[in-house]
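Subject: Structure handover and notes

Hello,

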Amino acid sequence: MAVAAMCSVQMGAAIAVGLIDDIGAVGVAWLRLFWAAVLLLLIVRPRRSSFTRSAFGAAVLLGIVTAGITVLFMMALERIPLGTASALEFLGPLGVAVLHGTGRHRFIWPGLAAIGVLLLTEPWAGSFDPIGVGCALAAGFCWGAYILLTQRVGEQLSGLNGLAVSMPVAALVASVVAGPSVFDRMTPQLWLVGVGLAVLLPVVPFVLELLALRRLTAAAFGTLMSLEPGFAMLMGWLILQQVPALIGLAGLFFVVAAGIGAARHGAREPVNAPVTT
């Protein structure tokens, strides 16, 4: 489920890059979240009786973090290649894996990841974009919080009720950030493309990740996510013709190796979410 989610995420991100010129990076993020919210509300139809106050609050927080991931990552893609942005964003899950992993060796992996980041971003080169890098790192911080909140929501709520609240919240936050100007730039074709993007990212991957996090520890999930930068670089090459340089490939290797090494186990006993009627 986690691998399928990663494929869906990176394919959707690569396709979304093509819309940035039409409605801007924040507009693309808003379009995806808007349709994702509509689809989940129609499919799940959450009921008030399904939520405790604590569970509802966690779902709202998850929505805010989800908006942060989506908006910040699209802003990063406007400035830096998909593979580089994904590798930088992955430092969030890597941090979760390190903090929640076991063994002294897990503290080696942040240093290994730092080497990878330096090779990927090449701060000594004139092409270094600090704003793009900063947006990707901020998205990574949100992603780390997203993993922990998703696990918490998955434990407290049955089915997809948590996503049916978090996604509309994310759409509302993105609407405030995007502002009214994005609506004037929308066309029927863009509305239609937005439905497909919402299915690829975030509906399908977020649903799969929610289900996966019910079966894995945060550390194990963070380790699986170490493969995501590789998928991102592959999609960037196939869809966006972003051919990575050798130094970038070396940096990617270090980041992926750090993620895999951060936590190699962590199978989790299934947690039964509350049964609601």
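Which side chain meets that of Asp129 in a salt bridge? The partner is Arg79, at 3.5 Å from N to O. A salt bridge here is a side-chain nitrogen of Lys or Arg within 4 Å of a carboxyl oxygen of Asp or Glu, and by this rule the count comes to one. Asp129 sits in the loop between helix H6 (109–121) and helix H7 (130–156), and Arg79 in the loop between helix H3 (53–77) and helix H4 (82–89), so the pair ties together parts that are 50 residues apart in sequence. Asp129 counts as buried, at 17% relative accessibility, while Arg79 counts as partly exposed, at 43%. The classes are buried under 20% relative accessible area, exposed over 50%, and partly exposed in between (1.4 Å probe, protein chains only).

Before the rest, the conventions. This is a predicted model, in which local features need pLDDT of at least 70 and side-chain atom pairs count only at pLDDT 80 or more, whereas totals for chains, interfaces and linings use all residues. Residues are numbered from 1 along each chain as its sequence is written, and side-chain values use heavy atoms, with hydrogens and water left out.

Overall make-up

The chain has 13 helices and zero strands; both are DSSP runs numbered from the N terminus (helices H or I, at least four residues; strands E, at least two). Of its 277 residues, 53% count as buried. The chain exposes about 12200 Å², of which carbon and sulfur atoms supply 69%; areas come from the Shrake-Rupley method with a 1.4 Å probe, and for residues only the protein chains shown count as cover. Among contacts (heavy atoms within 4.5 Å) between residues at least 6 apart in sequence, 90% join residues at least 24 apart.

Ile15 belongs to a nonpolar surface patch of about 620 Å², made with Met11, Leu234, Trp237, Leu238, Ile239 and Val243. H1 and helix H12 (228–240) are the elements that give two or more residues to this patch, and the largest share, four residues, comes from H12. Patch residues have over 30% relative accessible area and no salt bridge; like charges are joined within 9 Å and nonpolar side chains (Val, Leu, Ile, Met, Phe, Trp, Tyr) within 5 Å.

Core and individual residues

The largest nonpolar core has 80 residues, and those with the most contacts inside it are Met74, Leu82, Tyr146 and Met167. Such a core is a set of buried Ala, Val, Leu, Ile, Met, Phe, Trp, Tyr and Cys residues joined through side-chain atoms within 4.5 Å. Not counting residues up to four places away in sequence, Met74 touches Ala16, Val17, Ile20, Ala25, Val28, Ala29 and Arg32.

Thr84, in helix H4, is buried, with a relative accessible area of 10%. Leaving aside neighbours within four places in sequence, Thr84 is in contact with Leu120 and Thr121.

Leu61, in helix H3, is partly exposed, with a relative accessible area of 44%. Leu61 and Leu149 are 88 residues apart in sequence and 7.6 Å apart in space, C-alpha to C-alpha.

Regards
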